[in-house]
Every structure is written in C-alpha cells, then in structure tokens.
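Work through the exercises below with the structure in view, and try each task before reading its solution.

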Amino acid sequence: MTMRAVLGTGYGGPEVLTVAEREVPELPPGHILVRLAAAGVNYMDIYQREGRPPYRAALPYVPGGEGAGTVTAVAGDVTLFAAGDVVAWAGVGSSYAEQVVVPADRAVPVPPGMEAETAAAVMLQGMTAHYLASSTYPVQPGDIAVVHAAAGGVGLLLTRLIARRGGVVVATTSTPEKAELARRAGAHRTARYEELGTAVAELTGGAGAHVVYDSVGQATFDASLAALRPRGTMVLYGAASGPVPPFDPQRLNTGGSLYLTRPTLGHYIASRDELLWRSGEIFELVASGELEVHIGGRYPLADAARAQADLASRRVTGKLLLVP
C-alpha cells in the first residue's frame with residue numbers, strides 16, 4: 001500500500017521539497033498508524049530543510065513533527081488507543097504524509113467535539129506557550145513580559161496565557177495589522193521591533209522588563225538583553241532570523257546579573273504525565289474559548305514548499321497547516 005508524502009531531497013531552500021508516492025511504513029512495537037487530518041508547519045521544519053543542527057536528517061527524509069488524525073492501525077502490544085480514535089502529537093518526525101507512524105506514548109487523545117485540525121494547530125505551539133509562561137519563567141501578576149513576533153502562532157497563544165496569568169505584555173510586531181491581533185490576544189502595548197527599548201522604558205519608568213520571550217534570535221537578541229531589568233530573564237526559544245552568534249557570558253553580568261535560557265519543548269514533555277498535563281490544559285482552554293486558535297493558512301501536501309516559504313517570510317499570522 002502506498003501513500004503520498006513530502007520528501008526532502010537535499011538541504012537548502014523550499015525547492016528541495018517534493019511530493020512522492022511511498023510505501024506506508026510498517027508498525028514497530030509500541031506504535032500506531034494515523035491517517036493524517038492536518039500537519040503543523042513550524043520553524044523547526046525549515047531548520048531541518050536547511051540542514052541546521054540538531055534538526056538535520058539523513059536524505060531523503062519526510063519533514064514535519066506535529067499533526068493530528070484518526071488511528072487506522074495499532075501494533076499488537078498497544079493498549080492506549082484503538083482504530084478510530086482521534087489523536088494528536090508533537091515532536092514526532094515524518095508528519096508531512098498521508099499516513100504517520102506515531103509512538104503510542106507520544107500521542108494524546110483529542111477531546112470529543114474538537115476538530116482534528118484545531119488539535120493539530122495547538123499541539124506544538126500551544127504546549128510551547130504553556131511551558132514558557134508556566135515553567136521556564138512562571139509569570140506572576142504584574143510582571144512585564146516582552147513577546148517578540150507576537151502575531152505568530154506561538155506569539156498569540158503566549159500573549160494570551162501571560163495576560164491570563166496577570167502579566168503585562170509588550171508585544172513586538174512588524175505591521176499595524178499584526179499589532180491589532182496582538183492587542184486582541186491581550187497585549188497591553190505593541191511596538192515595532194526597533195521601538196522595543198523605548199516602549200519598555202516608557203512602560204516601566206526605565207526599570208526594564210522582567211522577562212523577554214524571544215523566538216526571533218539574531219536580529220533581536222541584543223535589544224532583548226538591553227530591555228531587561230537587573231536579574232531579568234532572557235528566554236531564547238527560537239531563531240527565525242538566524243542563530244545568535246557566540247557571545248561573552250560577562251554580558252549577563254554587566255546587564256544586571258541576567259538569566260539566559262535556551263529551552264525546547266521536548267524537555268518539557270519528556271514524561272507522558274507532563275505531555276498529558278500540558279496538552280490537556282491547552283485543549284481545555286481552547287474548548288472553553290479562553291484560547292482562540294488562529295489558523296493562518298491551509299495548504300495541500302503538494303504545496304509544502306510554499307507553506308514553509310510563507311512562514312519564513314513572516315507574511316502570515318497564526319498557524320499554518322498542511323492537509324492531505
């Protein structure tokens with residue numbers, strides 16, 4: 001039996017991605033086979049395509065690490081799920097395909113009444129926003145938090161979660177339209193990237209922000225450090241503009257005994273209990289209407305290259321999905 005899948009045939013630009021017929025993989029023990037409803041498009045997929053460590057994969061590869069769909073088969077030793085169950089996942093490779101092999105203990109049940117596309121749209125970015133606001137730097141009422149790329153998939157969810165915890169969000173965006181989305185998500189103040197220092201200084205009387213959540217990387221790193229108050233926390237969780245060059249840790253001292261962390265989702269959902277806790281809380285917030293899922297675009301598998309190009313160009317807002 002064959003299926004359609006996106007293949008990365010080299011490292012480089014979107015042109016290295018193509019769609020081909022492949023054999024449906026066999027199920028190893030402990031795994032389930034899922035008919036894809038939607039796969040999330042994320043920056044780590046672009047890093048994989050470009051061959052950046054640690055995302056570089058052997059050629060050819062099927063990109064993607066997030067999605068949702070219906071279980072079509074289970075390995076004989078699997079008891080967590082059965083055929084017909086709707087599940088979602090994040091951090092599982094080869095998800096840009098009509099059929100995806102998923103470790104059973106890495107899949108989570110999608111609540112009754114929730115569309116599989118909605119679940120796919122919030123797994124990676126929703127849980128990322130969750131761990132950033134509740135674990136990496138647990139936001140307290142009144143904390144001043146900078147959120148870069150606040151109109152993006154993680155940015156909108158993170159802004160909402162920070163506001164829900166009583167934090168005050170300074171959101172950076174590149175256009176007035178994106179700024180309006182950030183305000184609707186709960187941002188107290190919006191600013192263009194080059195205005196960050198002024199915006200934070202005006203809001204805090206020069207004291208600085210308690211935390212900066214930076215997914216942009218190279219282009220914003222220096223301004224992010226400068227926007228922090230003494231003993232503030234710099235959370236560098238992405239590199240959309242490129243990786244941050246090596247720097248002297250003494251800068252953290254001269255900046256005010258700052259903290260710097262480079263987290264990743266995998267370490268915050270390492271156990272199944274934590275995976276179920278984070279995904280469950282996000283699903284509950286979505287179902288209650290407290291978190292709005294903004295899907296910025298749906299693309300067929302054949303247009304995976306265009307979806308990644310659109311994401312990298314920052315012409316889009318919210319979550320991009322691939323649908324079979």
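**Exercise 1.** Find which residues of helix H2 meet which residues of helix H3, and describe how the two helices cross.

*Solution.* Begin with the contact, meaning heavy atoms within 4.5 Å: Gln 125, Gly 126, Thr 128, Ala 129, His 130, Leu 132 and Ala 133 in H2 meet Gly 153, Val 154, Leu 157, Leu 158, Leu 161 and Ile 162 in H3. Sorted by class, this contact holds 8 nonpolar, 5 polar and no charged residues, where Ala, Val, Leu, Ile, Met, Phe, Trp, Tyr, Cys and Pro count as nonpolar, Asp, Glu, Lys and Arg as charged, and the others, Gly among them, as polar.

The model is a predicted one, in which local features need pLDDT of at least 70 and side-chain atom pairs count only at pLDDT 80 or more, while totals for chains, interfaces and linings use all residues. Residues are numbered from 1 along each chain as its sequence is written, and side-chain values use heavy atoms, with hydrogens and water left out.

Next, take the axes, which are lines fitted to C-alpha atoms over the stretch in contact, with angles from 0 to 180 degrees between N-to-C directions. The axes of H2 (residues 116-136) and H3 come within 8 Å and cross at roughly 40 degrees. The two helices are therefore oblique to each other, since angles under 35 degrees count as roughly parallel, over 145 as roughly antiparallel, 65 to 115 as roughly perpendicular and the rest as oblique.

**Exercise 2.** State which strands helix H3 lies across.

*Solution.* Helix H3 (residues 153-164) lies across strand E8 (144-147), strand E9 (168-172) and strand E11 (209-214), and runs at about 170 degrees to E8. In the open sheet of 6 strands, the order is E10-E9-E8-E11-E12-E13, and the pairing is parallel; strands pair if DSSP finds at least two bridges between them. The edge strands, each pairing on one side only, are E10 (189-191) and E13 (259-261).

Key
Helix = DSSP H or I, 4+ residues; strand = E, 2+ residues; numbered from the N terminus.
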